[in-house]
Amino acid sequence: MPLKKEGKPKIKGVSYAKYGYLFSLPFVIIFLVFMLYPTLFTAVIGFTDFKGVVATSFKFLEHPFDNFVSIFANKTFRTSLVNTVVIWTMNFIPQMGLALLLTAWFTNRSRRIRGQGAFKVLFYLPNIITAASVAILYGVIFAYPIGPINDILQSLHLIKEPFDFSTSPWAAKIVVAFIQFWQWYGYTTIILISGVLGINPELFEAAEIDGASPRQTFFQVTLPCMRTILIFTLITSLIGGLNMFDIPKLYIWNGGPANATMTTSVFIYAQAFSGTYLYNKAAAASMIMFVIIAILSAFTFFLMRDRSEARAIRAMKRMEKLKKGAAV
Amino acid sequence: MKLRRKVNIGIYIVCGILAILSIMPFWIMIVNATRSTVQIQQHAVSLIPSTHILENWKVLTGKTFNPFTGFINSVIISTGATACAVYFSTLTAYALVAYEWKMRQPFFTVILAVMMIPTQVISIGFYQFMYRIGMTNNLLALILPAIAAPMTVFFMRQYMLPSLNLDIVASARIDGAGEFRTFNSIVLPIMKPAMATQAIFTYVTSWNALFMPMILLTKKENYTMPIMVSLLKGDIYKTEYGAVYLALTLSILPLFIVYFLLSKYIIAGVALGSVKE
């Protein structure tokens, strides 16, 4: 399709098209070498007998889908898939609930909550801290028999004997989900608030004139306008959740009690890099995750395309505001 | 009016509790870093710091945890990756915005399509590839891939579209400036705010990364800070609580400082919806 617009980057018939290719070349080369090739390589390994720490050669399996069949039949993998979804859900529902509540409070124009900036800074703080450190920190905070949580619960007389959080499968899951929630609700809140600020203010004025209560306004104006942003948050959080690794890996070693905190990423890591070197099985599991994530990201792809232009304009306005703020 | 005030007080209380929840674990951590393991085992929570920080330091560094090595490696990787990601993403975005070329739209579509795919799911192929070309335990294996950062390119393009006036580029051409020079001396300054935002997030993401570094870096002298931290989970530090708290404090302190210095820009950057690994 010849897509030629008149004039624009052409002066005196000189074509600048080659610079488009030239300037995107570094990206393209690195992308092909470090992303596309490893992706194809992972896919290929999934169909081979490739395992062992020093092995470099491999051959394709007679039944090419054997690794996939055995991964799906693998009880630990199925447990890890269920765990990943369960832990993500236990983190996401309260996270979204709290973020929506905070958004409703902070954007309610008649309430004028003060100190929002400071609250946002504090709520977002856990997100920026190394997840590995956070996981270990929670590990010692929930330590048994003497750790800060047991200490606090005992001094408040809520429990008589110290509780061992690391041997109960559900306690382990809940703590991992809580850490995820604690790290991410601030992020989600800020995203949602910025989404509300992007809604045309005339809509709110119209609602006010029509005598809508703040509650009605929130549920009938704000939420419907936020549909895209909510779906976007949901999908990106799900993709992030499907890759959950640092927290479950380091909060409790080796998947926790009865593999309660074994997520798919921890499973893949264990298959390939800690002792067993079953690269083919790990690659098959990776490709299963790849397909799931690719389907999910296809949704965001279509969402993004529609929103990209509007976002661009908003992004610029906000940046300019920030620049002015910094100059003052 | 009265009811509203009551509800507002309730809101402040909830927000206050959440704020405490954000700080409390770190407060316990910092205080316990100064307390001896014996003190911690008697009472795990204390609001008052103690004087045993040097003992903890000796226990900590007497074993496998080396905060200096971890810090330096993390600085090298994060700085390199951030410089690569920010510069080349801006360059790629410029190619997408300023020039008309046949593959422009298909190229942008590819960027959108792969933007959400996390590198973790291709780690097996990535590791095997690096192993074959002898780049495991080479920090460049974690720096160079940053040159192709689809998310950053996307963000840069979104910022560049409305803020870069192509007439300026055209007049630079008339003045005889080369295309690459125009980019470096005219486009880059315009993109500074966007580049700063992206630099912060790339730096932090790279600093915090555990999965890829843990796979690629197997020699102790190459460990990054998060890998060092992961050593604390092993048996070596099992009962040395004071040392563990101190190590965690050391790993988190740089982020704390950066965060409270730049929090205004970080929060504004998050609001742009630009981050999410």
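These legends cover a predicted model, going from chain A as a whole to a helix pair and then to the domains of chain B. Local features need pLDDT of at least 70 and side-chain atom pairs count only at pLDDT 80 or more, while totals for chains, interfaces and linings use all residues. Residues are numbered from 1 along each chain as its sequence is written, with chains lettered from A and ligands numbered from 1 in the order in which they are written.

**View 1. Chain A has 13 helices and zero strands.** Helices (H or I, at least four residues) and strands (E, at least two) are DSSP runs, numbered from the N terminus. Of the 328 residues in chain A, 41% are buried (20 or more other C-beta atoms within 10 Å of a residue's own, with C-beta atoms placed from the backbone).

**View 2. Here α4(A) packs on α7(A).** Residues 116-128 and 169-197 form the two helices, whose axes sit 6 Å apart at about 130°. Axes are lines fitted to C-alpha atoms over the stretch in contact, and angles run from 0 to 180 degrees between N-to-C directions.

**View 3. Chain B is assigned domain 1 (1-63 + 241-277) and domain 2 (67-231).** The bounds come from an automatic or database domain assignment. Taken over C-alpha atoms, the domain centres are 30 Å apart.

How values were computed: Buried ≥ 20, exposed ≤ 12 C-beta atoms within 10 Å, placed from the backbone.
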